[in-house]
Amino acid sequence: MAKTKSTDILTLLETEHRQVEQLFQELEKAKVNKRSECFQQIYKALNLHARTEELVFYSALREYEETEEYIEDAEAEHEEVAVILEEIKALKPTDSEFLEKIRELKQAVEDHVEEEENEIFNAVRECMSNKQLTELAEEFQNAKAKLEPDVEAELTT
Ligand SMILES: [Fe+2]
Ligand SMILES: [Fe+2]
């Protein structure tokens with residue numbers, strides 16, 4: 001079988017962003033008894049994405065002055081998302097606050113994704129070579145696989 005064409009980190013991150021948007025749509029449409037399951041998928045996807053991003057992608061941003069300036073705000077936005085995720089985890093899907101908090105989470109994620117795709121990715125394209133972007137994609141996949149069991153465990157604690 002032919003080896004699949006290797007992807008670059010920006011395409012990979014965009015794909016994950018679209019997947020999370022899809023999960024939010026599913027949650028919004030879900031019946032109350034399915035909300036918990038949908039939320040768990042969002043919790044896992046977002047935590048895993050953000051942590052792997054910090055480990056691999058944001059670390060790479062540190063290499064260039066033009067990209068380094070974005071790290072502080074982006075990490076603060078990740079922290080904001082992580083806090084809301086924990087708040088929702090402590091709620092029951094039948095709580096009146098649940099959907100309200102989901103909307104708050106969705107907005108925070110949207111704002112952050114917009115910042116990444118419109119500002120950070122453009123700066124990255126100016127600084128990094130295609131080779132570097134492809135290597136980062138591979139690193140991202142490897143790091144994500146290693147972090148997965150940790151995030152999985154947090155879901156049940
Ligand atoms: Fe992202
Ligand atoms: Fe991010």
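The sections below cover the basis of the values, the cavity and the aromatic rings.

## Basis

The model is predicted: local features need pLDDT of at least 70 and side-chain atom pairs count only at pLDDT 80 or more, while totals for chains, interfaces and linings use all residues. Residues are numbered from 1 along each chain as its sequence is written, chains are lettered from A and ligands numbered from 1 in the order in which they are written, and side-chain values use heavy atoms, with hydrogens and water left out.

## Cavity

One cavity of 30 Å³ or more is found in a search of the whole structure. A cavity is a set of points, on a 1 Å grid over the protein atoms alone, where a 1.4 Å probe fits but cannot get out. The volume of the largest cavity is about 110 Å³, taken as the space filled by probe spheres set on the points, which are joined across faces, edges and corners.

Its lining (residues with an atom within 4 Å of a point) consists of H17, V20, L46, H49, A50, E53, E77, H78, V81, V109, H112 and V113. Helix 1 (9–29), helix 2 (32–61), helix 4 (71–89) and helix 5 (97–127) each give two or more residues; helices are DSSP runs (H or I, at least four residues) numbered from the N terminus. Helix 2 gives the most, with four residues.

## Aromatic rings

There are four aromatic pairs, with ring centres within 6.5 Å. F39, Y43 and F98 make up one aromatic cluster.

Definitions and conventions:
Phe/Tyr/Trp six-rings, centres within 6.5 Å; stacked < 30°, edge-to-face > 60°. 1 Å grid on protein atoms, 1.4 Å probe; cavity = no way out; pocket = protein on both sides within 12 Å on 5 of 7 lines; lining within 4 Å.
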